[in-house]
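Subject: Structure for you to look over

Dear colleague,

I am passing on the structure below and would be glad if you could read through it with the notes that follow.

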Amino acid sequence: MITQFIKSREALLLLAIAIVIALVSTRFPDFAAPANAANIFNDTSILIMLALGQMVVILTRCIDLSVASNLALSGMVVALINSIVPGLPVPILLIIAISLGMIMGACNGILVWKLDIPPIVVTLGTLTIFRGIIFLISNGEWINAHEMSASFKAFPRFELLGLPVLSWMAVLTVIVFAIIVIRTPLGRAFYAVGGNPHAAVYTGIDVGFTRFMAFVIAGGVSGLCGYLWVSRYAVAYVDIAGGFELEVIAACVIGGISIAGGIGSVGGAVLGALFLGIIKNALPVINISPFWQLAISGSAIIIAVAVNARSESKKGRVILKKAEQTT
Amino acid sequence: MSEMVARNIPDRLTSRAQRVLKSWETLLLAIAILVFITNSFASPYFLNAWNLSDATFNFTEKAMIAFAMAMLIISGEIDLSVAAIIALASTAMGFVMELGFGTPVLVLTGLTVGIICGAFNGVLVTRLGLPSIVVTIGTMSLFRGISYIVLGDKAYTGYPTDFAFFGQGYVWWVFSFELVLFAVLAIIYAVLLHKTNFGRTVYAIGNNPVGAQFSGVRTARVKFVLFLLTGLMSGVAAVCLTSRLGSTRPSIAFGWELEIVTMVVLGGVNILGGAGTIPGVVLAAIIMGMVTFGFGLLNVPGIVMSIFIGLLLIGAIALPRVFAMVKRGRG
């Protein structure tokens, strides 16, 4: 079991993260101090949650490019509701955000399930549609901090046992996803559908419905993150989290989740997101311009996908070696 | 793409006229004419040669890349890094300009950077056998990231005046250099895809990569060439766009990759590979450009237009399937 862990993707990522932290600590000893570590985790919470949602979608051989737009729309709706009805308690807003996100996820899911449209096309379309709707409902105007109620803004910052609620939300999401993926029939179905859809059908799994559920779950997480994002940064406008969907996919790929489906783990997704989060926070500390971040995460994706391909190619029997390599 | 979908390839039972009438391109042509008529009724400024000529700048640069992208998608791969290649090529051109080189060197630099980026994608996908969608998401960050490292929050301006011809010059009357280039490239790509052996192998690879391999098609090499072409076209688009804007920022052409893929899919190219035509892509490009222009004349914000494009993308694929389902339900 130990040797198995050492060879695993999670161990490799832990090692990479440890090296980054060690290198940064030589320049800035307080980088790994608990307070700063907690800050970094808090800063990465939303990425971790979205990466988990994206993970279940990718496990079923689909992809969801609309998560960032979904986040922005859910965030805008709850911010608008809050500015109109400031007295509405936060739990109700949370429920609204999550259900709204799930509805948007269900739109993606229905199109993939019932009409069999490739997920990349569906979510490419909904990506622009969701963002456009934000403009329509907000008239392109910003909702600023002074238009939000105090409790609305305080919720993600509220400290509980030393950590802000935002971090606890991420911890809770990780636990829920671990249970769903490892302990429920639905979680097994995600792997089965992605690993071999035809075989999954013969074992009695409804492939389309499983994919639909994956999109609904990813949508729900995006909706939740929508509220958290808007309340944390205390601003809502059309372009929030623009392009964030690619960072989420990057976190998944770095975390060893195979884009071909069926391979990946909750731990991998979390570590992949943390790796990106740590690099993002380390650059200013060691005096490298934040403009380097994009190129570094790009390189990390390419290296990660090359490593993924190598570990995946060992699995399964290759009958025609030449043909397999080139296809 | 990784999806396995049984394709319905019917025998040639219908007549040629029937096939043409029922084809995707005919539908697109009808939509294009409809958009054109609606626009000319909606705004008195639409039917003006110079206004229409201005409107073509909305799509010419994107469409140049879309031609190469269409072939790439037909072969079963995709390149999401095209917009980032524009950024990198444009940055390289700015860098060379600062060194004091003239227009010919600038153009050559843009094209070369485009080809190198395409080759980089091609090597990763065909030599290392990595999935193109992830590779190009990675190179998309990498290429644009290099632009950000070089430029940061600054911009290159002050391109030589004769460089402005590519994006602002006119060949004859209202026909801009970009529009003429668009037309010439459309013909070249249509011939390449529909009339040459190379084009046939692209379809073969998209429909059945293993089968193509065993029929003697060098799949890896064909795909590599397609990545090169896509890189080259991104370089060409970078020259035109940089010349038109007269400046380079690292955020140049941000988000274009999704618009270009939308254009290709709307043009009837199967995102799973194996089917699609260049005329379809040309029509899709014109439709998207005209809709943008028409909405612009009516003071509709660009983002509302993007809702329309998104709906068009999903509707274009969903509606035929809904009709097929209803038909099946009855029969």
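**The two chains**

Of the 327 residues of chain A, 50% count as buried, where a residue is buried if 20 or more other C-beta atoms lie within 10 Å of its own, exposed if 12 or fewer, and partly exposed in between, with C-beta atoms placed from the backbone. Please keep in mind that this is a predicted model, in which local features need pLDDT of at least 70 and side-chain atom pairs count only at pLDDT 80 or more, while totals for chains, interfaces and linings use all residues. Residues are numbered from 1 along each chain as its sequence is written, and chains are lettered from A and ligands numbered from 1 in the order in which they are written.

Chain A has 15 helices and two strands; helices (H or I, at least four residues) and strands (E, at least two) are DSSP runs, numbered from the N terminus. Its radius of gyration is 20 Å, which agrees with the value near 20 Å for a compact globule of 327 residues; the radius is taken over C-alpha atoms, and the globule rule is 2.2 Å times the number of residues to the power 0.38. Along the principal axes, the C-alpha atoms of chain A fill a box of roughly 65 × 55 × 35 Å. Among the contacts in chain A between residues at least 6 apart in sequence, 77% join residues at least 24 apart, a contact being two residues whose C-beta atoms, placed from the backbone, lie within 7 Å.

Chain B comes to 15 helices and four strands, and buried residues make up 49% of its 331 residues. Its radius of gyration of 20 Å agrees with the figure near 20 Å for a compact globule of 331 residues, and its C-alpha trace spans about 70 × 55 × 30 Å along the principal axes. In chain B, residues 24 or more positions apart account for 78% of the contacts with a separation of 6 or more.

As for confidence, chain B averages a pLDDT of 88, and 93% of the residues score at least 70; pLDDT is the predictor's confidence in each residue, from 0 to 100. For the complex, the predictor gives an ipTM of 0.81 and a pTM of 0.84.

**Where the chains meet**

The contact takes 45 residues from chain A and 48 residues from chain B. On the side of chain A that touches chain B, the elements that give two or more residues are H6, helix H12 (244-254), helix H14 (293-313) and helix H15 (321-326) of chain A, and the largest share, 13 residues, comes from H6(A). By class, that side of chain A has 29 nonpolar, 13 polar and three charged residues, with Ala, Val, Leu, Ile, Met, Phe, Trp, Tyr, Cys and Pro counted as nonpolar, Asp, Glu, Lys and Arg as charged, and the others, Gly among them, as polar.

Helix H15 (residues 302-330) of chain B has 29 residues and reaches 41 Å from its first C-alpha to its last, close to the expected 42 Å, the expected span being 1.5 Å times one less than the number of residues. H15(B) has a kink of about 35°, centred on B:Gly315, the bend at a residue being the angle between axes fitted to the seven residues ending there and the seven starting there. Among the buried residues of H15(B) are B:Ile309, B:Leu313 and B:Ile317. What covers the buried residues of H15(B) includes helix H5 (90-114) and helix H6 (119-138) of chain A, together with helix H13 (256-266) and helix H14 (278-297) of chain B.

Helix H7 (residues 132-151) of chain B has 20 residues and reaches 28 Å, close to the 28 Å expected. H7(B) is mostly covered, with 18 of its 20 residues buried, and is followed by B:Gly152, whose phi is positive, near 60°.

B:Ala84 lies in helix H5 (residues 82-98) of chain B and is buried, because 31 other C-beta atoms lie within 10 Å. Not counting residues up to four places away in sequence, B:Ala84 touches B:Thr139, B:Met140, B:Phe143 and B:Arg144.

Phi is near 60°, a positive value in a residue other than glycine, at B:Ala253 and likewise at B:Asn299.

With best wishes
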